[in-house]
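Here's a quick briefing to read with the model open next to you. Keep a viewer handy and follow the residue labels as they come up.

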Amino acid sequence: MGKKVLVTGACGTVGKELVRQLLMHDHGISRLVALDNNESELFFLEQRFINDRRASFFLTDIRDRDKLTRMMEGVDVVFHAAAFKHVILCERSPYEAVQTNIIGVQNIISAACSNRVELVIFTSTDKAVNPTSVMGTSKLMGERIMTAANSSAAAHGTRFASTRFGNVLGSRGSVIPIFIRQIRDGGPVTLTDPEMTRFIMSISQAVRLVIDSARIARGGEVFITKMSVIRIRDLAQVMIEELAPVFGFKPDGIEIRTIGAKPGEKLYEELMSSEETRRSLELREYFAVLPAFRGIYRQINYDYPDVIKTSVTDPYISANIKPLSRDGLRNFLKEHDLLTVDLGEHHPGRRYWPGEREEEGW
């Protein structure tokens, strides 16, 4: 209430929804500063909220620490959503991932400390748990840097915390737009592995929980959002049943083809490592992973209002959790309007992986 809020990555899936909820829901913010390095999308986002005097939009790259420091003058709360998130592209350009996902986080911390920002929330991913990719590893480092920043919080008063969640269905790069285009083209719908499981949530759910975590963050912790689990083959089947008739096909005429898991791709997702369970608390909607080396941090009272358990034994792995039924998944997709994604031209029906084009002589 009455806070000046800054959002990085404002044109991304999470950032854009953050901007929308902060401005359109009754959060009572006094001003919002939205940053992104995507010129065209930033222009369109500003047009959407052109009549809201609280909102300002600036072309900024989180690799520019000096610009971030200027942008954070007078800011109370920062939601840091800017990142490189595509696994394939980060594998091809690992140093770019380091520059944005690691050094960029350090720049955010430096700018926040210089301006005595009250709170910084970093948005992370389940791929940071036991990472098998450059992207996941870089996001894990982002989490650790955020937690480490809290060790010197007494000097400047800023709290730093992270939120970690799984697949945001309907986001740019998610599998749903790919499946829709494949069904529209008459198939086949391609699965990497029929037994693959994933944690899921909608964009609005993810962002609401990010905002809520800002209310309870004490500093240094990682909040892990509780989510539903689905089988990817169930997602494909439900989408075929719902959308094949829309595009003039019979559901049983759309083939589901297994193409095999790719390097760096897990058959299941993990939201917590076994080591993290030993220092975690279970809350109503989250798990809170407390800092590993508590002795080097200032004394913090993690007195959350809705603690369910003070010890956690389950590392929260998607393969070990009962997935949504197909009817439950169908209801989820309809409730969150995920079967009417605007495809544009950004989601071709075919997926490719590093080296694949070269091997085929493209």
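D337 lies in the loop between α12 (326-335) and α13 (356-359), where helices (H or I, at least four residues) and strands (E, at least two) are DSSP runs numbered from the N terminus. This is a predicted model, so to speak of local features pLDDT has to be at least 70, side-chain atom pairs count only at pLDDT 80 or more, and totals for chains, interfaces and linings use all residues. Residues are numbered from 1 along each chain as its sequence is written, and side-chain values use heavy atoms, with hydrogens and water left out.

- The phi of D337 is near 55°, a positive value in a residue other than glycine.
- R116 also gets a mention here: its phi is near 50°, a positive value in a residue other than glycine.
- You'll find R116 in the loop between α5 (94-114) and β5, and at 57% relative accessibility R116 counts as exposed (exposed means over 50% relative accessible area, buried under 20%, partly exposed in between, with a 1.4 Å probe and protein chains only).
- G187 and P188 are joined by a cis peptide bond, with omega about 0°.
- P188 belongs to the loop between α8 (175-184) and β8 (189-191).

**Nonpolar cores**

- The largest nonpolar core has 54 residues (such a core is a set of buried Ala, Val, Leu, Ile, Met, Phe, Trp, Tyr and Cys residues joined through side-chain atoms within 4.5 Å).
- V7, L18, F79, F223 and Y304 are the residues with the most contacts inside that core.
- Helix α9 (residues 203-216) supplies the largest share of this core, seven residues.
- L18 touches V7, F79, A81, V207, V210 and I211, leaving aside residues up to four places away in sequence (contact means heavy atoms within 4.5 Å).
- There's a second, separate core of 25 residues, and F179, M196, I232 and L243 are among its members.
- As background, nonpolar side chains in soluble globular proteins tend to be buried together.

**Aromatic rings**

- Searching the whole structure turns up six aromatic pairs (rings of Phe, Tyr and Trp, the latter by its six-membered ring, pair if their centres lie within 6.5 Å; planes under 30 degrees apart count as stacked, over 60 as edge-to-face and the rest as tilted).
- F43 and F44 have ring centres 5.6 Å apart and planes at 65°, so that pair is edge-to-face.
- F43 is partly exposed, with a relative accessible area of 45%.
- For Y302 and Y304 the ring centres are 6.1 Å apart and the planes at 40°, so this pair is tilted.
- Y302 is buried at a relative accessible area of 10%, and Y304 counts as buried at 6% relative accessibility.
- Ring pairs also link F223, Y286, Y302 and Y304 into a cluster.
- The charged end of K226 sits over the ring of F287, 5.3 Å from its centre (the test is NZ of Lys or CZ of Arg within 6 Å of the ring centre and within 35 degrees of the ring normal).

**Strand pairing**

- β5 and β6 pair in the parallel sense over seven bridges (two strands pair if DSSP finds at least two bridges between them).
- F122 has S162 as its bridge partner in β6.
- β6 and strand β10 (residues 222-225) also pair in the parallel sense, over three bridges, and S162 stands opposite V222 in β10.

- R198 is in strand β9 (residues 197-202) and counts as buried at 9% relative accessibility.
- The R198 side chain reaches the backbone oxygen of K266 at 2.7 Å (a polar contact is a pair of N or O atoms within 3.5 Å; within protein, one must be able to donate a hydrogen and the other to accept it, and residues adjacent in sequence count only if both atoms are side-chain atoms).
- Beyond four places away in sequence, R198 touches residues including N167, I232, E265, K266 and E269.
- D126 sits in the loop between β5 (119-125) and α6 (134-149), and at 1% relative accessibility D126 counts as buried.
- The side chain of D126 makes a polar contact with the side chain of T125 (3.2 Å).
- Among the residues D126 touches, not counting those up to four places away in sequence, are R164, N167, F199 and E269.
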